[in-house]
Amino acid sequence: MSLFAVAPALPLHAAGKYVAGAYIVFLAIVLIYVAIMATRLARTERELTELRRDVEERRRQEAEGSDPSDPSARSGRSDREREPVA
Amino acid sequence: MREGSREEQTPGTWRTAGAVLRKDLLLELRGLDTLPAMVLFAIVTFVIFHFGLNQATIAGQEAAGVLTVTLLFAAMLGINRLFVAEREQGGFDAFLLAPVDRSALLIAKATALFLFLVVLEVVAVPAFGLLLLGPSLGPRLPGLIAVLALGDVAFAVIGTLVSAIAVQTRARDLIGPIIGLPLLLPALIAVARGAGPLLAAQGSGSPPGKWVAILALYDVVFALLSYAVFDFLLED
Amino acid sequence: MMYGRGLRGLALATAFTITVAFALVFFYAPLDANQGFIQKIFYIHVPLAITALCGFVFGGVLGAIHLRTGDRKWDIRSYVAIHMALIFGVGTLFTGTIWAKASWGHWWVWSDPTLTSFLIVMLLFATYQPLRFSIEDPERQSRYASVFAIVCGAFVPLNFLAVRLAQAYVHPRVLTLTGGNLPGSMRLTLLVSMVGIALLYVTLWKYEMAAKSTRMQVRALRRLLLGEDSVAPPKRSAAPS
């Protein structure tokens with residue numbers, strides 16, 4: 001019993017487009033999901049960076065002791081923002 | 001809710017369910033706000049179908065479809081109103097405080113909805129026979145009643161479950177139908193396909209067994225499921 | 001719980017299996033006698049469908065565990081499972097309509113029981129997010145979502161049974177190949193593809209859980225280190241947090 005089509009339902013060049021379309025849809029869905037996850041990952045990274053910065057800020061304020069709400073104590077923040085995070 | 005003999009510490013499930021059911025039926029009898037609306041809606045829908053389909057009479061599968069869909073949508077009206085009184089007047093809290101089995105509320109409400117649907121059909125089915133159905137209704141009635149009864153159980157069980165979910169959300173009237181209608185699709189299929197041969201011009205008196213079996217299976221499965229999960233909906 | 005552990009190995013296994021599966025589809029599996037090259041869509045459509053359905057049932061099971069244990073992490077797992085299953089379901093619908101168009105010339109056919117059942121299931125689970133979103137209290141949201149997951153997970157097999165029976169005698173030729181007539185080489189290809197897509201589902205589920213868990217831990221860490229008021233109260237959302 002030969003399973004190879006004698007006369008396929010659609011000529012190959014037309015059929016190929018639909019099959020390709022189906023597999024491309026699948027691929028697109030997976031890749032779109034990867035892109036969304038990449039955005040989320042970037043956001044989590046940013047949150048972690050902020051957290052680290054805020055914790056260091058808080059520690060510094062506690063170390064200085066006297067007046068945690070002293071506006072001059074906040075001037076060091078811009079330096080810390082440029083600190084490279086490994 | 002402490003009626004009955006002094007030997008009982010707390011009322012049993014059936015007694016509680018009976019009490020809640022009686023309350024709901026009395027409320028409906030006195031207020032008459034849900035049932036007449038459902039009946040009117042069904043009859044108006046038959047008229048709409050007459051004009052929409054542009055046919056004097058319908059028979060067979062078409063008739064079964066129109067009847068089932070109309071009953072389903074009328075049921076949706078009832079479902080939306082099922083727990084509204086409890087929600088607005090603190091009935092849920094009262095029920096939770098009372099030392100009763102919580103499933104009693106499910107049984108009571110489902111039974112109430114089932115009874116509403118039965119009353120609806122007592123009026124709507126003859127109206128359907130009068131307005132739209134081609135073949136005469138009389139000889140087909142027993143088979144039709146059997147199929148519709150099983151369908152009503154399905155509508156009642158799912159309707160109560162969905163209504164209990166929906167009443168706690170913000171989009172109350174919308175959430176009920178959009179969850180309930182897909183869930184009820186197998187029941188709808190079974191009722192419509194079961195009634196189709198019955199309403200055909202040369203129809204026999206008995207519905208196809210396959211669909212009756214599916215309806216029965218659906219009823220049992222979802223009744224058990226609802227019973228199992230209902231408690232979790234009532235927790236505070 | 002560490003969801004990232006083993007994720008790399010899992011992802012590699014998934015990539016490998018799917019690659020092998022696609023190779024089998026295009027270089028090994030024979031052409032179908034009736035449908036020709038179009039039939040190749042079958043090898044991506046059916047695994048997507050089966051995985052999505054199992055995903056919904058899986059979500060229901062996780063919801064049941066949540067109700068039983070009261071531990072919120074099971075609700076998150078259930079949410080992610082249903083979310084993934086919805087995505088795979090969308091893939092099923094898309095590939096299914098492409099197959100329908102190629103085979104029958106119409107973008108939608110009622111004669112295929114898989115597609116029809118799928119449409120119903122998707123319509124149902126499409127209400128999952130709106131339902132969650134419309135309940136503001138997080139604990140109640142989780143509870144009601146789990147009830148929904150259980151009831152609708154049980155609904156999936158019943159729905160398939162009903163639709164398949166409803167269409168059994170209407171159209172003699174349907175798009176789905178009956179399992180019994182599948183020759184060995186096609187069966188092997190389908191099996192490998194099945195495993196690949198199932199692995200993909202598990203990988204993506206784990207991936208999503210890892211991302212969510214990480215975000216939650218960052219927030220918890222912030223709360224721990226800097227005090228309660230340093231964390232903005234979570235906005236009303238459909239996702240469990």
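**Figure 1. Val192(C) within helix α7 of chain C.** Val192(C) is a residue of helix α7, which covers residues 184-226 of chain C. The structure shown here and in the following views is a predicted model. Is Val192(C) buried or exposed? Val192(C) counts as buried because 21 C-beta neighbours lie inside 10 Å, and 20 or more are required for that class. Leaving aside residues up to four places away in sequence, Val192(C) touches Thr17(C), Val20(C), Ala21(C) and Leu24(C). Ala15(C) is 177 residues away from Val192(C) along the chain, and the C-alpha atoms of these two residues are separated by 12 Å.

**Figure 2. The fold of chain C, in which Val192(C) lies in α7.** Chain C contains seven helices and zero strands, and its pattern along the sequence reads α-α-α-α-α-α-α. The C-alpha trace of chain C spans about 70 × 40 × 30 Å along its principal axes. Of the 241 residues in chain C, 48% are buried. Among contacts in chain C with a separation of 6 or more, 80% are accounted for by residues 24 or more positions apart.

**Figure 3. The side of chain C that touches chain B.** The contact between these chains takes 23 residues from chain C and 25 residues from chain B. Which elements of chain C give two or more residues to this side? They are α4 (113-125), α5 (128-133) and α6 (138-166) of chain C. The largest share comes from α6(C), with 14 residues. By residue class, the side of chain C that touches chain B divides into 18 nonpolar, three polar and two charged residues.

**Figure 4. Chain A and its contact with chain C.** Chain A is built with two helices and zero strands. Buried residues make up 7% of the 86 residues of chain A. In the contact between the two chains, 28 residues of chain A meet 35 residues of chain C. The side of chain A that touches chain C comprises 21 nonpolar, three polar and four charged residues.

**Figure 5. Packing of helices α2 and α6 in chain B.** Two packed helices are described by the angle between their axes and the distance between the axes. The axes of helix α2 (residues 35-53) of chain B and helix α6 (residues 103-131) of chain B come within 9 Å and cross at roughly 25°. Angles under 35 degrees count as roughly parallel, and α2(B) and α6(B) are therefore roughly parallel to each other. Their crossing is right-handed. On the α2(B) side, the contact is made by Leu35(B), Met38(B), Val39(B), Ala42(B), Ile43(B), Phe46(B) and His50(B). Helix α6(B) contributes Phe116(B), Val119(B), Leu120(B), Val123(B), Ala124(B), Ala127(B), Phe128(B) and Leu131(B). The residues of this contact divide into 14 nonpolar, one polar and no charged.

**Figure 6. Asn54(B) in the loop between α2 and α3 of chain B.** Asn54(B) is placed in the loop that lies between α2 and α3 (60-80) of chain B. Although Asn54(B) is not a glycine, its phi is positive, at about 55°. Why does Asn54(B) count as exposed? Asn54(B) has 7 C-beta neighbours inside 10 Å, and a residue with 12 or fewer counts as exposed.

Note on methods
Residues are numbered from 1 along each chain as its sequence is written. Chains are lettered from A and ligands numbered from 1 in the order in which they are written. This is a predicted model: local features need pLDDT of at least 70, side-chain atom pairs count only at pLDDT 80 or more; totals for chains, interfaces and linings use all residues. Helices (H or I, at least four residues) and strands (E, at least two) are DSSP runs, numbered from the N terminus. Two residues are in contact if their C-beta atoms, placed from the backbone, lie within 7 Å. Ala, Val, Leu, Ile, Met, Phe, Trp, Tyr, Cys and Pro count as nonpolar, Asp, Glu, Lys and Arg as charged, and the others, Gly among them, as polar. Axes are lines fitted to C-alpha atoms, for helices over the stretch in contact, and angles run from 0 to 180 degrees between N-to-C directions. Angles under 35 degrees count as roughly parallel, over 145 as roughly antiparallel, 65 to 115 as roughly perpendicular and the rest as oblique. A crossing is left-handed if the near helix is turned anticlockwise from the far one by less than a right angle, and right-handed if clockwise.
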